[in-house]
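Welcome! Here is a short tour for anyone meeting this structure for the first time. Have a look at the sequence and the 3D view before reading on.

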Amino acid sequence: YVLYEGLDLRFFGEYNEILRDELDAGVNEDSDDVYWRIAFGINFYFGGKKKKAKLLESVPTILKTNTIPNDK
């Protein structure tokens with residue numbers, strides 16, 4: 001979720017079920033192994049609009065290309 005330019009939040013969860021009993025090196029026929037993965041993150045982006053504008057100033061707007069010659 002983007003809060004505003006330069007800051008966003010991330011959250012996700014995942015449920016995994018292993019159908020073989022090899023995850024914990026033990027064999028238990030009564031139940032399969034399961035595990036959860038949950039993550040939460042905050043991202044900060046430094047520079048913002050001023051840095052982006054400064055970088056774009058140095059980018060040429062006309063591209064130099066090799067033209068295809070006319071075969072007449």
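## Buried or exposed

A residue is called buried when its relative accessible area is under 20%, exposed when that value is over 50%, and partly exposed in between. Keep in mind that this is a predicted model.

With that in hand, take Asp8: its relative accessibility is 9%, so Asp8 counts as buried. In the protein as a whole, buried residues make up 10% of the 72 residues. The protein exposes about 7,500 Å², and carbon and sulfur atoms supply 57% of that area.

## The overall layout

Let's step back to the whole chain. The protein has one helix and three strands, and along the sequence they follow the pattern β-β-β-α.

The three strands form an open sheet in the order β1-β2-β3, with antiparallel pairing. At its edges are β1 (2-4) and β3 (33-44), each of which pairs on one side only. On average, neighbouring strands of this sheet are turned by 10 degrees against each other, direction ignored.

Strands of a sheet pair through backbone hydrogen bonds, in either a parallel or an antiparallel way. Here, strand β2 (residues 7-18) pairs with β3 in the antiparallel sense over 12 bridges.

Of the contacts in the protein with a separation of 6 or more, 48% are between residues 24 or more positions apart.

## Around Asp8

Which strand holds Asp8? Asp8 has its place in strand β2. Leaving aside neighbours within four places in sequence, the residues in contact with Asp8 include Tyr1, Val2 and Leu3, as well as Gly41, Ile42, Asn43 and Tyr45.

Asp8 also has a charged partner: its side chain meets that of Arg10 in a salt bridge (3.6 Å, N to O). While Asp8 is buried at 9% relative accessibility, Arg10 counts as partly exposed because its value is 47%.

How many salt bridges does the structure hold? There are two.

Glu14 is partly exposed, with a relative accessible area of 27%. Arg37 is partly exposed too, with a value of 45%.

Notes
Residues are numbered from 1 along each chain as its sequence is written. This is a predicted model: local features need pLDDT of at least 70, side-chain atom pairs count only at pLDDT 80 or more; totals for chains, interfaces and linings use all residues. Side-chain values use heavy atoms; hydrogens and water are left out. Two strands pair if DSSP finds at least two bridges between them. Helices (H or I, at least four residues) and strands (E, at least two) are DSSP runs, numbered from the N terminus. Axes are lines fitted to C-alpha atoms, for helices over the stretch in contact, and angles run from 0 to 180 degrees between N-to-C directions. Buried means under 20% relative accessible area, exposed over 50%, partly exposed in between (1.4 Å probe, protein chains only). Contact means heavy atoms within 4.5 Å. Accessible areas come from the Shrake-Rupley method with a 1.4 Å probe; for residues, only the protein chains shown count as cover. A salt bridge is a side-chain nitrogen of Lys or Arg within 4 Å of a carboxyl oxygen of Asp or Glu.
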